[in-house]
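Trainee: Can we go through this protein together? I would like to start with the overall picture and then look at details.

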Amino acid sequence: MGGKERRWPVLLPVAGVLVLAGAALAENSSPAASKVGASVYGVKCAACHGSSLEGGSAPPLKGMNFNVKWTDAGEVALAEHIARTMPPGAGEPLDAVTAQQLASYVMAQNGAAPNTSEKASEASAPIFQDATARAAEARLKALASKLTPVTDAMLRAPPNADWLAWRGSSASLGFSTLSQISRSNVARLRLIWSKTLGPGTNSIAPLAHDGVIFLTGGGRITAIDAISGDTIWRRDDKTAPRGVSQPRGVALYGHALYASTVDNHVMALDARSGALLWEQVIGDQTATTAAPLVANGRVFQGAAVCFAKGMRCFMAALDATSGKELWRFTTVPGDGEPGSDSWNGAPASERSGAGIWAGASYDYTKDQVVFGTGNTYAVSTILKRDARRPAAALYTNTTLKLDARTGKPAWYFQHVSGDVWDEDWAFERMIATDPRGGKKPIVMTMGKLGILDALDLATGQYLWSIDLGMQDIVTGINPHSGVKTIDADKIPAERKPIGACPYAGGARNWPSTAYDPKTSLLIVPMLDACMEVVLDKSLAEQSVWKVTPRPGSDNKFGRITAINLRTGRTAWDIRRRAPEASAVLATAGGVVFEGSRDRWFRALDINTGRTLWQIRLSDTPNSFPITYSAGGRQYIAVITGGGTYLDGMVSQLTPEIEPSTGRPALWVFAVDR
């Protein structure tokens, strides 16, 4: 089950970019190299890509699409891509010299001068560098050199100034203890700096540590000065997009930054320089879109996009020092494995799904990792025996808690069995003290249905639920077991559209909730819409959905709600025309930050929901906002643009709102002094 370690011959990590060994780069990125590359191209590439680069059985290597992808990336990045991926599927990989010659030739055919990319300038000394330039470079290197190692104690209880994990800490609350920005001064927020990240999609979650921002986005893994916005280092990550062009986050541990790619690479970089420490490939069919989690010396990476029958997603644990795979737990059981009898007797080849779309959380008291899974796409499989009673299909829509040393399950809880609507529970698992009394640690999570379940963190025992009233699929919840009763009339049938709420995009989706343990308020960004759903056996035997307004919603599709978890009652509820676009961020200053699809980014009073500050940005703030402190000043950061897969699902509801199409950009705000 272990992945194969992947090593790149003749490639060296320099300044955070994998570059060709110095001699090869210097001697082969030239007009002469381009001429040699033409001969190599004719022998090795023309049969697939066309003799004039016009394309054939493989894509064209010239024209608009090629230039959009590679003009900004540059020749060195293209050479690295060729060395890593060519020839596909067979034969020995091309050596560094040949890859560079081919890249020079292809770029020249597209009108680019040899070796003029930003990556080339990073890999070699600039032609001109005066005292000012040298001082700027020295300042950024000094900032990076002062980064302190991130410890388990810090991940468990982060320093106030930092945002160290995907949702702030290993508890995934989306809450910061910073309070310099408060209800009394947030109206004075102003833009400090902004930065374009490059082409790509969004739903990006940056990290902040010791005055440095780390993120993956725009095809790059980047370290940025958190005060000035200057780039400290960056490493290009050119991978084939599968719905998203980069995972949603990175992780910090020790002196390393951990990142994954959508084509299943997991890598460790030196956080101070970007130099590659190790790289591991953990799969060939799935995609790693979730942020990695690192704890107790192990990297935990989930895999998703298990759409086709027979594909099984998984959680893998890697050694944080070496990248060696330690164990793997598949979220759809194999034949004869525990849980396999919950699939209507169907073999593993007819099962699918249970993707891990969000980062995991960690229970340090037990040394256990906790995470959630999504639905199955093999709808016909779970309806095979009884069209009115779908099979449970473990471990879909489940919270799983695994022993971090072995990968063996400690417990699991399936929130909804037999999901044929794509109403999965694949989002953040929040670890907190039970707000309903006592000191019992619990894990909470809300699925697309808008139902929040609370479980005992140690045992997985069901405790309580809150239904926000956005759904009509579940008719009852057993108060002792948490088992949910399904309305059988809502189960889709072939050629018979069924109306159901919410829409398959969910009352909530990847935009995460935030929980303030001081007020016991959970803030939830939501989409208020329903759907028509039908089983279409001509389309891979899946459920097919059409988004519709919810009756009585007055076509206000955006909603943000605060729930008091002590009482289970709604503290406040805001409804708007524009659907919510960002995750929410809660702070100890009593302020909640959120953004909507109409480009507004706002600060709300956590107690009342009143808008305290707002700004209309150049593109949609469809990411995970964070807050950090540097130089004694608190900042708020959010990434706009790029679009997400959710945009296409809901754009038809509000045709007057322009879609998010621009390149992702990072915006940083602070209170005016």
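This is a predicted model: local features need pLDDT of at least 70, side-chain atom pairs count only at pLDDT 80 or more; totals for chains, interfaces and linings use all residues.

Trainee: Fine. How many helices and strands does the protein chain have?

Mentor: The protein chain has eleven helices and 40 strands.

Trainee: And what share of the residues counts as buried?

Mentor: 61% of the 673 residues. The accessible surface is about 24800 Å², and carbon and sulfur atoms hold 53% of that.

Trainee: Which residues have the most contacts inside the largest nonpolar core?

Mentor: That core has 90 residues, and Val186, Phe214 and Tyr258 are among those with the most contacts inside it. Strand E40, residues 665–671, gives the most to this core, with seven residues.

Trainee: What is valine 186 in contact with, leaving aside its neighbours within four places in sequence?

Mentor: Its partners are Ile181, Val591, Phe593, Ala603, Leu612 and Trp613. There is also a second, separate core of 41 residues, including Leu521 and Ile606.

Trainee: New topic. Where is arginine 559 found, and is arginine 559 buried or exposed?

Mentor: Arginine 559 is in strand E32, residues 558–564. Arginine 559 is buried because its relative accessible area is 15%, and the cut-off for buried is under 20%.

Trainee: Which side chains make polar contacts with the side chain of arginine 559?

Mentor: One is the side chain of aspartate 528, at 3.3 Å. Another is that of aspartate 573, at 3.1 Å. Beyond its neighbours within four places in sequence, arginine 559 is also in contact with residues including Met470, Pro525 and Glu580.

Definitions and conventions. Residues are numbered from 1 along each chain as its sequence is written. Side-chain values use heavy atoms; hydrogens and water are left out. Helices (H or I, at least four residues) and strands (E, at least two) are DSSP runs, numbered from the N terminus. Buried means under 20% relative accessible area, exposed over 50%, partly exposed in between (1.4 Å probe, protein chains only). Accessible areas come from the Shrake-Rupley method with a 1.4 Å probe; for residues, only the protein chains shown count as cover. A nonpolar core is a set of buried Ala, Val, Leu, Ile, Met, Phe, Trp, Tyr and Cys residues joined through side-chain atoms within 4.5 Å. Contact means heavy atoms within 4.5 Å. A polar contact is a pair of N or O atoms within 3.5 Å; within protein, one must be able to donate a hydrogen and the other to accept it, and residues adjacent in sequence count only if both atoms are side-chain atoms.
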